[in-house]
Each structure stands twice: as structure tokens, then as C-alpha cells.
Amino acid sequence: MSKSVTDIPFHPVSAPDFLPPAQLRALQFQRLKAIVQRAYDHQQLFRQRMDERGVKPADLRGLEDIARLPFMVKTDLRDTYPFGLFASPMHEIVRLHASSGTTGKPIVVAYNAADIEVWTQAMVRSFAACGVHAGDIIQNAYGYGLFTGGLGAHYGAERLGATVIPISGGNTQRQLMVMKDFGVTVICCTPSYFLHILDQASEMGIDLRELPLRAGIFGAEPWTESMRQRIQAESGIRAYDIYGLSEIVGPGVAMECQCQCGPHIFEDFFYPEIIDPQTGEVLGDEQEGELVLTTLAKQAMPMIRYRTRDITALTSEPCACGRTLRRIKRISRRSDDMFIIRGVNVYPSQIEAALLSVEGTLPHYQIILTREKGLDEMEVQVEVTAEVFSDTIGALEALQQRLSHAIESTVGIRARVRLVTPRTLQRSEGKAKRVIDQRKM
Amino acid sequence: MKLKQLSLFLENKPGALSAPMRVLAAEGLNITTLSIADTQNFGILRLILRDWEKARVLLEQNGFVVKVTDVVAIEVPDKPGGLAEVLAVLEGTGINVEYMYAFTLKKENKGVLVFRFDDPDRAVQTLQQHNINVVDHLEIFRRANGEA
């Protein structure tokens, strides 16, 4: 079905993916020194924190000295809203993007022309890594607008020489019509939206396995290996994980190759570290912790040691594709997705794993946290599917029981499981909202 | 001799029943009878209607989870002891009634009992051996509509 790795046309822009490690480290260090100097000269907040620590850009003697630099966090972007972290004068800035701003003010990010070029190259390398090439017809269902997904993928796909359909998110029936009638070979969207497309396709009597579609580039939210398996089985495509975040550049920070064994970080642009989220201490490869990224080649808004809140591990195990870039393990949770209930730390991914362990076909769920008479309660709402629906009350109650037990044995907290009608939970065209915290603290 | 029954998952909340009813009404599909089984959180709506295949497609297109189940309809005189007589026949056979509901036929002094058995085929056989009138698909809709 899929071509073997050696059949993939090599795109010249992918050359840095294969740099010998020593050469890559030298390049990273050279770029790190320049970007730290730039941030020190133009970002007041960064300079102030460096001065407080008594560290100067000239103190960087090797890559490992990055550990001496202060972290940046998401609230720094809010506190300096809108333009406080820009390191280029406004007349050089050619693009602004902003987050959806679910909590208060959005965060704003800026690009000069050189930054757009870096981003475009990262996206071309992302497409090329999973075998997408000139001649492909790419349906770009990431949202266009302030969200970085749409335009990021768009620029990369055009540069690659593919045909881009800038359909953006939403209107699923039209997405399917276009996919079928235009002979789409590659789709870009969030994994939860692709599940929605699959549901809609089966209602419209369209079998994606019969279409030319062969690859999906899914990102902008955490997803699981079982979601990948389901997507691949039901649509016959290969589902690839792309990683990125607006604060760093947008999509294209890391991308899976055809081996599908975790996204390779484009390390010559984005320097990764893993830290202990409690102590801030830098951890070694293969150790799990919070991913911290430094933009090595972005000028308008450098980010030095940005704490992503994504929990993962770096691996330097050689990859069959030959890339020397380290990979991150699948990001299934974020340190700020975590919620605490009755003193226990719970990640939505644990709830998802518990639900999938029971039936394997219950991907749509939402966690509602409430406080009743001072006691925290967790309700997990799960959409009923045709596979698990039974005509008898007893069988459905037994299903609720099994789900509830699976959750309790996974996280140690009893949850009330509530079966709900299909498609009543918010199935975003953007990111799935997994946790609704209604507790009044 | 079995009837097709549609079962729908419903949440136990205001408006949950009217949504599927609107779907069927819009297409002019008439329901012969229905029953609802409920718990605190959810319910199962069970429908008997002539155009069950069309109804199923419509409901599924509108996002409902639908299951088709074989049920057995039995005609009994609308008088005391009607149900007891049927149950007496089944006693000792090991056939289990999972649930049942009943309705009466227009213009006839008859009741129809709708049963979900664990083994519908054996139930039909047993009932017919005891001369109990198991009503078939065509007849039930004809008579429910008061046609001669």
C-alpha cells in the first residue's frame, strides 16, 4: 500500500535532517549564541531575568550552558501583551498570529520575512518527512486566520510544489465532497476533526478507503496511538503526528517520518530540552519530563527556553529513515491539562485509555468536574456508538459499570459514567475540549 | 412471524423524545406503538412501525444510535386473563421474557402484546403449538390502522 522509505524523492530542503550529529551541535551552538544576544538586546523581560541571575550572553561556552538561562512561560506572553516580547521593529514584522485565548487575553506572536522563511522550510521538511511531495493534492483543513495551523501548512505545501486546497475547518459535508471530487491525496487537520469527518463519511455512505487519500497530517492537540489505529483502519490512510505551538512558530516544530515512531524535532531551528517540571533540572534523553524549546533561528520574537507544558521524552535512538534529528515520544498529556481531584493528579489521556480498554470504540468523551457539598465529583460523559448500544437497560448499565471500574482502577478515583447521545459533546473543528471544570474554588 | 422493532438511545432530559419524533413526523412515518424504558440517566425508546427500514435510515442520518431487534407480537382477547394465558404456555420452557409492552387494536376488542424473548424463534414455535395467535408483520399494521 505505502511506498517504502527508499522510494521517497529526496527534497533538497530536507538536507539538515541528515546532518552528522557533531555538525548539528556546532550549528545549534552558533545559532544559540546569536539568538541569546538578540533576545538580550531587544527583549526587556529576558534581559532583566538574565541580569537578575548575573548571566551574560557571552557566558555561553557550550550548548550545555543553556541550562544557566532563565525559562519563559506562557504567562510571560500574556503579561507582555500584545507586543512586549518583539525583538524586531514593527515595520519589519510581516505577520502576526494569536492564540484563541480561552483564558483571558490571547497571546500574540510575530514573524519577520526571515521567520516566515524558516517556518515555511520547517513545514516543507515536515511534508517531505512523511513522503508528501510535489504533485500531491493537499486539503488543508486547519483553521485559517489567527491560528497558526492554516497558514503554516499552506505556505509549506505551496513551497513543496503540491496543490493546496485552502478549505480551512468546518462544513464537513463540503470537506468530503471536495476530498472525493478533487482527488485529494493528503489531508491536514486535528485528529479529533478527522474522526468527525470519518463519522460524517459513514453517514453519507462514503468509504474513505476507496478514495485516493493516502496520508493525514494530524496535530494541534494530543492524541493517542489507539486513535491512530482507528483512523488508519477506517480510512486506509497513514496518520502522521505533527507537533508545533504558536509560541515557538506554529506547526512544523517536529514531524513524524514514514516510520511513524514519534516526531523528529527540526533541531537546527528549535533546540529541545527535557526538564523536571517541578525542579526545572535538565534531564537526559529517554527520561520523561516537560519539553522546553528554544527558537534558534527566529528573529522577530525569539523564545529562549520556553516551557511548553507538554510531557514527553527525547530519544536519540537511530531512526530507520536515517534522520539524525532526535524524536519526541508521543505527547499524550500536558502538564496543564492535568487536573487534581481529591488530591490525585489525573490526565485526560488516562481516562481515555481506561475507556478504550473497555470497548475500544468510545473515542468521544468529556470530563465534568463539580463540587457537591465540598466534595469533588468527576463525571465522564461518553457518547454511545452503534457498536456498544444494546436494546436492554441491563446491558447498558453493565457497560456504565465496566467503564466506571476501568476508570477507578486506572486513576484510583471513582467516576460517574454517563452515556450520552452521539455528537452531543463538543466536537470541535479545532481542539477537543476534554475537561470542563465547574468547581467553584 | 417475528416483527422488527427499532430501539433508540435517548438521554433522560427534556426534549430527548421529541427529537426523533420530529424526524419521523417530517417524513410522514406513523408509529404503530412504542414503549420507553428508562433509568435515571438514559432511556431506550422502542418503536414498532411499518416503514421500519426507512425510519432506521432517517434516524441514523440524524445522528441517532438505532438497533433493530426481533420481537414477537401476540394477539389476545382484551379481557381478564389474556396475558396470564400466554405466560402459562411459556412457563417451564426456559424461554425468558426480557421485556414486553402492550397496546390495543382500533375497532377490535383485542390487545396486542409485544415480547422481547431471549429465543424468539423457539418462543414463536411454542406459542403456535398452543394455538396462540402470533401476529405477523403485514397483519399487525393492517389491523392497527383499522383496515379490514
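**View 1. Surroundings of R326(A) in the predicted model.** R326(A) touches R25(A), P263(A), H264(A), I265(A), E267(A), Y271(A), P272(A), D285(A), L314(A), T315(A) and S316(A), leaving aside residues up to four places away in sequence; contact means heavy atoms within 4.5 Å. R326(A) lies in the loop that runs between β14 (314-315) and β15 (327-328) of chain A; strands are DSSP runs (E, at least two residues), helices are H or I runs of at least four, and both are numbered from the N terminus. This is a predicted model in which local features need pLDDT of at least 70 and side-chain atom pairs count only at pLDDT 80 or more, while totals for chains, interfaces and linings use all residues. Residues are numbered from 1 along each chain as its sequence is written, chains are lettered from A in the order in which they are written, and side-chain values use heavy atoms, without hydrogens and water.

**View 2. Burial of R326(A) and its polar contact.** R326(A) counts as buried because its relative accessibility is 10% (buried is under 20%, exposed over 50%, partly exposed in between; 1.4 Å probe, protein chains only). Its side chain makes a polar contact with that of D285(A), at 3.1 Å (N or O atoms within 3.5 Å, one able to donate a hydrogen and the other to accept it; residues adjacent in sequence count only if both atoms are side-chain atoms).

**View 3. Salt bridge between chain B and chain A.** The contact involves 24 residues of chain B and 20 residues of chain A. The two chains have 1 salt bridge between them, formed by the side chains of R46(B) and D391(A) (3.1 Å, N to O); the term requires a side-chain nitrogen of Lys or Arg within 4 Å of a carboxyl oxygen of Asp or Glu.
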